[in-house]
Structure formats: structure tokens, C-alpha cells
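Visitor: I would like to learn how to read the charged contacts in a model such as this one. Could you take me through them with care?

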Amino acid sequence: MLTLGQLKEATCSKSAYASQFLPYVIATCDKFSINTPSRMLNFLAQVGHESGGLFYTEELASGSAYEGRKDLGNTQKGDGVRFKGRGLIQITGKANYKAVSLALGTDFVANPTFLGGKNVTKCNAIQLKNAAESAGWFWNSRNLNALADQIDITKNIDTGNNLVVFKKITKAINGGYNGLPDRLNRYKAGLTYFL
């Protein structure tokens with residue numbers, strides 16, 4: 001089972017934030033079979049980057065940049081702002097909100113802020129649970145456990161197949177390689193806790 005130390009170090013989070021999220025991240029890891037050292041470490045390094053160390057549960061930007069993005073399902077005026085990134089992996093766009101609603105049995109389209117409220121200090125227990133669980137859903141829906149299984153955590157993450165696969169995971173989450181050095185640094189920070 002995931003420990004507080006593992007969660008804190010692999011996400012580069014403050015103890016207070018990691019403590020608040022720990023039960024929800026444990027439940028998420030159980031639900032989505034994020035249950036090997038490599039799966040947990042890779043998941044947490046990515047989540048750590050996306051959430052700024054388990055702090056942000058909502059994108060800082062207004063979301064207006066997503067207006068009219070049909071690829072995200074944003075077809076109505078205001079959809080970009082309404083369905084901006086939320087949760088620990090920043091679920092973005094009406095299409096993703098619909099998909100996560102179906103998967104988790106909560107209507108996030110009608111209640112977008114149920115996925116997260118600004119940051120960990122402003123979230124209630126339901127928002128913390130949904131922020132964590134939605135990240136697990138996203139990870140699972142992109143079949144990222146299978147990629148994490150290809151990473152050998154006893155070998156350097158900065159070279160060879162490990163780096164190739166880590167970049168594939170990053171691209172599946174981010175759409176590109178934004179923040180790759182930071183994601184790698186979080187992985188390295190947590191590594192000794194998973195060996």
C-alpha cells in the first residue's frame with residue numbers, strides 16, 4: 001500500500017497536502033490497479049507535476065483559451081472556461097468531463113467544480129476524492145499502466161527505453177512534453193521510496 005513518504009516524495013508535495021490526499025490516492029491506486037512500484041512512481045511523478053505538488057486542483061488560467069475547441073468537446077460559448085482543467089491531472093474540456101462523469105458516476109458536466117476547487121486548501125473531501133479519482137481514471141483510460149510496466153526503475157530514467165517510455169506517458173497526459181524536466185525530477189525524488 002502507498003505510504004505518506006512515497007506520496008510526498010514522488011509528487012514533491014508538502015506533508016500537509018500529501019496527508020490530505022493520501023486516503024484518496026490510495027483508493028484511486030487500488031481502483032485502477034496502479035499497484036506496482038513503477039506504476040505508482042510514474043503516476044505520482046506526473047500527478048505531482050500536473051498539480052504543482054498536490055496543491056492545485058484547478059487550472060490557474062481562466063480556460064478561455066479552450067473556447068471553441070471542438071477536439072475537447074467545447075462547442076457552446078463558455079465551455080472553455082466552464083470545463084477548464086480540474087483534478088490532479090487537469091481533466092480539460094466538455095468531452096473529457098462527460099467521459100469521467102460516466103466512468104465515476106458523478107455529473108461533472110452539471111457540477112464542474114466537483115472535480116476540484118482552486119487548490120487543496122479550498123477543497124472539501126468530495127473534491128479531494130474526485131480530484132484523485134479522476135486522475136486515476138484518466139491514467140487508466142489512456143492505458144498508462146501498460147507503459148509504466150515497460151520502465152525498469154532499477155535503471156536510469158534519463159536514457160534509453162526508460163526515457164522513451166516516460167516521454168510517451170508525458171505526451172499521453174499533456175499532449176506534448178511540457179514540463180518534462182520537472183516530471184523527471186519528481187520521478188527521481190521519489191525513486192528511492194519505491195526500490
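What follows is a conversation about salt bridges and the exposure of their partners.

Guide: This is a predicted model, in which local features need pLDDT of at least 70 and side-chain atom pairs count only at pLDDT 80 or more, while totals for chains, interfaces and linings use all residues. Residues are numbered from 1 along each chain as its sequence is written, and side-chain values use heavy atoms, with hydrogens and water left out.

Visitor: How many salt bridges does a search of the whole structure find?

Guide: A salt bridge is a side-chain nitrogen of Lys or Arg within 4 Å of a carboxyl oxygen of Asp or Glu. The search of the whole structure finds 12 of them, and a network of salt bridges links Glu58, Lys84, Arg86 and Lys118.

Visitor: Which residue forms a salt bridge with Glu133, and is Glu133 buried or exposed?

Guide: Buried means under 20% relative accessible area, exposed over 50%, and partly exposed in between (1.4 Å probe, protein chains only). Glu133 pairs with Lys129, their closest N and O atoms being 2.8 Å apart; Glu133 counts as buried at 9%, whereas Lys129, at 38%, is partly exposed.

Visitor: Where do Glu133 and Lys129 lie?

Guide: Helices are DSSP runs (H or I, at least four residues), numbered from the N terminus. Both residues lie in helix H6 (residues 125-141), 4 residues apart, about one turn of the helix. Asp182 and Arg186 are likewise 4 residues apart, in helix H9 (residues 180-191), and form a salt bridge with closest N and O atoms 2.7 Å apart.

Terms used: Helices (H or I, at least four residues) and strands (E, at least two) are DSSP runs, numbered from the N terminus.
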